[in-house]
Amino acid sequence: MEKKGSFVAVGVGMTLGAHICPLSRSYIEHADIVFCSLSDSYVEEWVMTMNSEVRSLQSFYAVGKDRRDTYKEMVAAMMTEVRAGKNVVGAFYGHPGVFALAPHKVIAIARDEGFQAHMEPGISAEDCLYADMGLDPGTNGCIHYEANQFLMNKKCLDTSALLILWQVGMVGDRRHQEFESHKKYRHLLMQSLMAFYPADHRVALYEAAVLPIDEVRIEWLPLKNVGDAKIHQHTTMVIPPGSEKQTDTAFLTKLNELDSL
Ligand SMILES: C[S@@+](CC[C@H](N)C(=O)[O-])C[C@H]1O[C@@H](n2cnc3c(N)ncnc32)[C@H](O)[C@@H]1O
């Protein structure tokens, strides 16, 4: 039998007031408790207008604190209320399941313990990027990497696809404590990318609008200038294809053989 207590992770989208879907809004309005991890205090205040029991998860972050401990504490705070039989909502900016650890973790633990738990999708930075930059991931294919994973793992990169690097603002931070990357690490990222792309390859630094009055940032620059560029926690890096797609002639031959049967 399913236990009393539930969890729903919802996304409020990127731009305050503009992206939330009716279903996610309804979950927030009817929850016993809403925990939120949002991109801006105005966004938090807006969520507070939908429910009187809103608790910010932002207070778990601290300078010099390992973010993995922060996420554990966030998960524990949400699970404590689920176990107490409450209908809990976690409201996260963007999509709650995109480059977001805590929502996935709470759902897995809650389900494991016999509680009802699920996720509602939201409009992520990726969705805004396609719209603002006029890019279609279907044109050449699209690869996503968290910037540190890109640097630290051996890769086999298809440079004929669009490459999107997340969390470039925290690149090189192996202690999971920084809120802004050091220049030396940004240079390392730049050098790593230059193993695949020419130094003059045009890349973009993208920042979606969080407040409706914000200007979208789409800054195009040569790859060789990335090390010295202004990169924030909320910057996403966009690397257009650096090579042409190669036709797989062996596969085409097989297709032709099948078609001729
Ligand atoms: C922890 S992830 C959260 C992503 C979020 N769940 C989403 O759906 O977009 C943080 C990363 O998302 C991207 N991001 C967050 N805010 C952004 C913004 N306003 N514009 C562009 N990218 C953003 C950046 O790459 C940032 O380092």
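Predicted model: local features only at pLDDT ≥ 70, side-chain atom pairs only at ≥ 80, totals over all residues.
Residues are numbered from 1 along each chain as its sequence is written. Local features need pLDDT of at least 70 and side-chain atom pairs 80 or more, totals for chains, interfaces and linings use all residues, and side-chain values use heavy atoms, leaving out hydrogens and water.

Start by colouring 6-119 as domain 1 and 125-239 as domain 2; such bounds come from an automatic or database domain assignment. Their C-alpha centres lie 26 Å apart. Across the interface, 18 residues of domain 1 are in contact (heavy atoms within 4.5 Å) with 18 residues of domain 2.

For the ligand's oxygen atoms, look at A125, with a polar backbone atom at 2.8 Å, and at Q167, where the distance is 3.1 Å. A ligand nitrogen has a backbone N or O atom of A208 2.7 Å away. How much of the ligand's accessible area does the protein cover? The answer is 93% of the 570 Å² that the ligand has on its own, by the Shrake-Rupley method with a 1.4 Å probe.

Note on methods: Polar contact = N/O pair within 3.5 Å; in protein donor to acceptor, adjacent residues only side chain to side chain.
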